[in-house]
Each structure stands twice: as structure tokens, then as C-alpha cells.
Amino acid sequence: MSRRIASSSSTSTQKLGVVLCWCNKHCVVKTSATELNPGRQFYGCPFWKDETKNCRFFRWVRQNADEDKQANSESSCSILKLEDSLRTTQCKAERRKKEMKILSDELSRWMKAHEIMVAEGRRVDHDIHVIRYQITVIVVLNLIMVVLLWHHFLM
């Protein structure tokens, strides 16, 4: 398939496969104008300037079969590393779930203990209130008795 594709610094006609970006659109081929990769072509999302799309897809255009073989080899290696990383992450996630369950159970125990302590504190506060009332009644009755006795002896 031959087509004309506008790039950032030139227009070129190439036989290129269809490459889809992350927003599932046909990529456009652009030419790098940077010092590090001058003239090197790359695929990019057609909406790379549209901030609402937020697709920043980028891939270099392969120049020859050796690059493709190297890229495929690197991709296979990368896929294996990613799969291994995924398994490791899944194991870690399972451990974290178990830890979260243990911590959740511990938190439940602490919350129950807190509720018991709060109830005990209320009971103690009530008991203190009752004791203060009783002491007040005893003091008042003693005062009445002292006044009555004093009045009785003075008469």
C-alpha cells in the first residue's frame, strides 16, 4: 500500500503497515527534527495535540528487516519480563489481601474493645454521679441532725 503522509518536516511516500494508536486511530508518520534523531520517521497519534484525547502514542518506523527481528526479539523478551512481573505483582497483591484481612480483623477487635471501654466509662461516670448524690444526701442529713441536736441542747 502506498500513500502520502505529511510529516513534521517533510512529506514522504512509503509502503507502511497500518499502525493503530491507543485511541484506536490510524497513526500518521512524522519525521523527527530533534538533534538526537534527525530525519528518523515515527508513528504518532493523529490527535497528539488534542489534550482531550490524551493519547501520546509513539513508535519508531522500522528501517529494515534486522530492526524488525531485533524489535520482535526485544518484544518477546519484554513480554516475558512483563508476564513475570505480572505474576510477581499478583503474588504481592494476594499477600497484601491477606495482610489487609488480618489488619481488618485486628481493627474490629480494637473497635469492640473501644466500645466496651466507652460503655465501662459511662457506667463509671454514672456510678460517680450516684456516689456524689449519696454523699450530698448524707452531708445534708448530718447537717440537719447537727442543727437539730444543737437546737435541742441549747433549749
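Which residues does the UniProt annotation "transmembrane region" cover? According to the unreviewed UniProt entry, the region covers residues 130-153. UniProt positions follow the numbering used here, feature names are shortened, and annotations may be inferred rather than shown by experiment.

## Basis of the model

This is a predicted model, in which local features need pLDDT of at least 70 and side-chain atom pairs count only at pLDDT 80 or more, while totals for chains, interfaces and linings use all residues. Residues are numbered from 1 along each chain as its sequence is written, and side-chain values use heavy atoms, leaving out hydrogens and water.

## Overall fold

Helices (H or I, at least four residues) and strands (E, at least two) are DSSP runs, numbered from the N terminus.

Of 155 residues, 14% are buried; buried means under 20% relative accessible area, exposed over 50%, and partly exposed in between (1.4 Å probe, protein chains only).

## The annotated segment

Residues 130-153 are 100% helix and 0% strand, and their end C-alpha atoms lie 34 Å apart. Leu148 belongs to helix α1, which spans residues 65-154. Leu148 counts as exposed because its relative accessibility is 55%.

## Surface
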